[in-house]
Amino acid sequence: MMSEVARLAWKALWERRGRTIGAIVGVVIAFTALSYALLLGQTFKDYTTRYFTSNFQTNVLYVTGGQFTDADVDALSRIDGVELAVPIAAARGVVRIPGASGQIPATVYGVDPALVRRLLPETALYDGELVVASNLVLVGYFVAFDRSTGQQRASVGSPISLTLGRRAQSAVVSGILASGMLGFIDTSRGVVMDLSAFRQTTGITSYSTVMLFLRDPSLADAVANEVRASFPNVDVISPQAVLQTINSFLTSFQLFLGLIAGVSTVITALWLYDTMSISVVQRTKEIGILRAIGFKKRHVMGMFLMEALIIAAIGVAVGMALLVPLAQSGIPFMSTTQQQQAPRGGPSAHPPFSSITSLELDPLLITATAALVIAINLVGAFLPAYRAGRIDIVSALRYE
């Protein structure tokens, strides 16, 4: 009997194909809009998380807001749960490059040469090597390249002169940092040099930031509380906590996009309700004949629900086919691989957050969206289908 119900439902839709096509188009729009909105929100969330974790290690705390001495660094390293305390000194300076006009303002950082690779991820390097020594420095992207003209002023191996206060220091570029990286070291207009050379040039023996590497990321809150208890006037920044806050915001943003796009699904369900209600009235006599030849109320009701299911299923299938090229069309967003893909000729390698990426097709999310759209349309068709099943046989047969 169910196969006969399905056959009659398909036949009825084919006979009223103009209205059927209109309903299918509505489902296509609703499904595509809702899926695209949710995928857009999910892509923002995934790329933000990936980009954030590639620049900030989740097992690190940043202690700032004070002038830390070697004794302070030693005290921080002794806190239970801390594996390593890495101090960073900083000062404002000026860079001069032979053959280039003018001077370039920069923030100069003094770090322990042995710990450079702990401070900066490989993705922070645009060219050269992550190495600093007494006469080797890392320079920011817009120190090596002129931001306005795109001309390269310094390359790996180029000599430069650093002026810090009243003293100057000659150095050679060992590497160029990538622009747009997050962190306490400015990879756009910063210069990273050996800590001993920094102290000799500036006379500064304190540190502006201390990075605490933890044995386990789960210890972040406990270590942060201990730091605040020992150093009440400092700021403790946990990338893990920041990422959780960002993810919470992006989840709300994704739901907001879904609610806006979900309006089209509700409209489609109301459209289907109206279409089915008209169909029930127009097919009253047909319903009476079906009941007279042995169809039960549930069969009549099932026939109308089957029509709604077929419309929704076709609409979802077409929507899925359209979703693939839409997802590949690209959106302005950040990419963690832009630095490696960029040519080595100059600022055509834009910062990571100005690149183009496609939406990531999440099968689970698409399946859930399809199920939701079909369910809502079935709900919209339920009342007309129920009414069709409750029509009196005698009244139906007399209907003109």
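Trainee: What makes α8 oblique to α10?

Mentor: Helix α8 (residues 239–282) and α10 pack at about 140 degrees, their axes 11 Å apart; axes are lines fitted to C-alpha atoms over the stretch in contact, with angles from 0 to 180 degrees between N-to-C directions. Under 35 degrees is roughly parallel, over 145 roughly antiparallel, 65 to 115 roughly perpendicular and the rest oblique, so α8 is oblique to α10. This is a predicted model: local features need pLDDT of at least 70, side-chain atom pairs pLDDT 80 or more, while totals for chains, interfaces and linings use all residues. Numbering runs from 1 along each chain as its sequence is written, and side-chain values use heavy atoms, without hydrogens and water.

Trainee: Why is α10 called roughly antiparallel to α12?

Mentor: The axes of α10 (residues 297–328) and α12 (residues 363–389) cross at roughly 150 degrees and come within 8 Å. With the cut-off at over 145, α10 therefore counts as roughly antiparallel to α12.

Trainee: Which residues of α8 and α10 make their contact?

Mentor: Leu272, Met276, Ser279 and Val280 of α8, with Phe304, Glu307, Ala308 and Ile311 of α10; contact means heavy atoms within 4.5 Å.

Trainee: What makes something a nonpolar core?

Mentor: Buried Ala, Val, Leu, Ile, Met, Phe, Trp, Tyr and Cys residues, joined through side-chain atoms within 4.5 Å. Buried is under 20% relative accessible area, exposed over 50%, partly exposed in between (1.4 Å probe, protein chains only). The largest such core here has 47 residues, and Ile160 is among those with the most contacts inside it. A second, separate core of 42 residues includes Phe31 and Met301.

Conventions. Helix = DSSP H or I, 4+ residues; strand = E, 2+ residues; numbered from the N terminus.
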